[in-house]
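Here is a short briefing for a first look at this structure. Start with the view below, then read on.

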Amino acid sequence: MDVEEHGATGRAAAATRRLLDLLERAGARGTFFVLDDVVRQDAGLVREVARRGHEVASHGQGHLHLADQGPAAFRAGTLAARDRLADLLGMAPQGYRAPYFSLTPRAAWAPAILAEAGFAYSSSLLPAWSPLAGWPGAPRQPFLWPGGVLELPVPVGRVGPLRLPFLGGMYLRWLPPWRLSTLVRSWAAENRGGHLWSYCHPYDLDAGEGLVRRADAGLAGSVMLWLNRGPTMPRLEGLLRGRRSEPFAARLPALRAAAAAWQPQDAPGALRAAPAA
């Protein structure tokens, strides 16, 4: 889950706890990428996530596209958010997720800064075109940046002419169940099983929230983000049924062992063997 506020402050906590309860019933554990605003405003919620057996990772300091921050502001904000989590929980986060999955060609400098900051992995890249942020041609499987940070691209599946992050957020809510099942099977076949994962936000679980007009989504996008939130919990419950769910941190050895290295200047999607550890 990307833990962030959406409209009125305070609603994220209740929705986050609903997900924590669902995971507990399913015997599952997950990774919670927490925005620094939430860490500062509700430290108790962050401690509860960790106490209930889940990984707490960083969602950065501000919910802004990486390219709009620039390297200097990103470095300062990321270090501040990392240190606040470390002080709160007694250990530095291993993982980072960029708002909007905004690790794009315009922010190709970000992985080097994440490596300097000591992050082991990033889950910040959408390997397809998107109206908000995407990196078409980037690998769709986990890969290593030149600085050694492991990147976990959001799983995408083909819906018509587009590749969409079908198991997350608004897409998980709006795509019909039969289409989701087909996409899961296709993804598993294409990736030989692989490590499939889902994501959501507190607002995806908050059916009682009113319409929030978001400047980054426009009116139509804001309405799409608002409607049809009821199916989120049962669909997440269905995804967990009969499957093992672990935090990213617990999967790192296996993911890193299977990852190849990729450099942005390579041909789109090109992979080369990772150097020996």
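Is the crossing of H3 and H5 right-handed or left-handed? The crossing is right-handed. Keep in mind that this is a predicted model. The points below cover the whole chain, then two helix pairs.

**The chain as a whole**
- The protein chain holds eleven helices and ten strands.
- Its C-alpha trace spans about 50 × 45 × 40 Å along the principal axes.
- Of the 277 residues, 48% count as buried.
- Take the contacts between residues at least 6 apart in sequence: 72% of them join residues at least 24 apart.

**Helices H3 and H5**
- The axes of H3 and H5 (residues 71-89) come within 10 Å and cross at roughly 70°.
- The two helices are therefore roughly perpendicular to each other.
- On the H3 side, Ala 43, Val 46, Arg 47 and Ala 50 make the contact.
- On the H5 side, Leu 85, Leu 88 and Leu 89 take part.
- By class, this contact has six nonpolar residues, no polar ones and one charged.

**Helices H1 and H3**
- H1 covers residues 11-26 and H3 covers residues 43-51.
- Their axes come within 11 Å and cross at roughly 5°.
- H1 and H3 are therefore roughly parallel to each other.
- Ala 13, Thr 16, Arg 17 and Leu 20 of H1 meet Leu 45, Glu 48 and Val 49 of H3.
- This contact divides into four nonpolar, one polar and two charged residues.

Technical notes
Residues are numbered from 1 along each chain as its sequence is written. This is a predicted model: local features need pLDDT of at least 70, side-chain atom pairs count only at pLDDT 80 or more; totals for chains, interfaces and linings use all residues. Side-chain values use heavy atoms; hydrogens and water are left out. Axes are lines fitted to C-alpha atoms, for helices over the stretch in contact, and angles run from 0 to 180 degrees between N-to-C directions. Helices (H or I, at least four residues) and strands (E, at least two) are DSSP runs, numbered from the N terminus. Angles under 35 degrees count as roughly parallel, over 145 as roughly antiparallel, 65 to 115 as roughly perpendicular and the rest as oblique. Contact means heavy atoms within 4.5 Å. Ala, Val, Leu, Ile, Met, Phe, Trp, Tyr, Cys and Pro count as nonpolar, Asp, Glu, Lys and Arg as charged, and the others, Gly among them, as polar. A crossing is left-handed if the near helix is turned anticlockwise from the far one by less than a right angle, and right-handed if clockwise. Buried means under 20% relative accessible area, exposed over 50%, partly exposed in between (1.4 Å probe, protein chains only).
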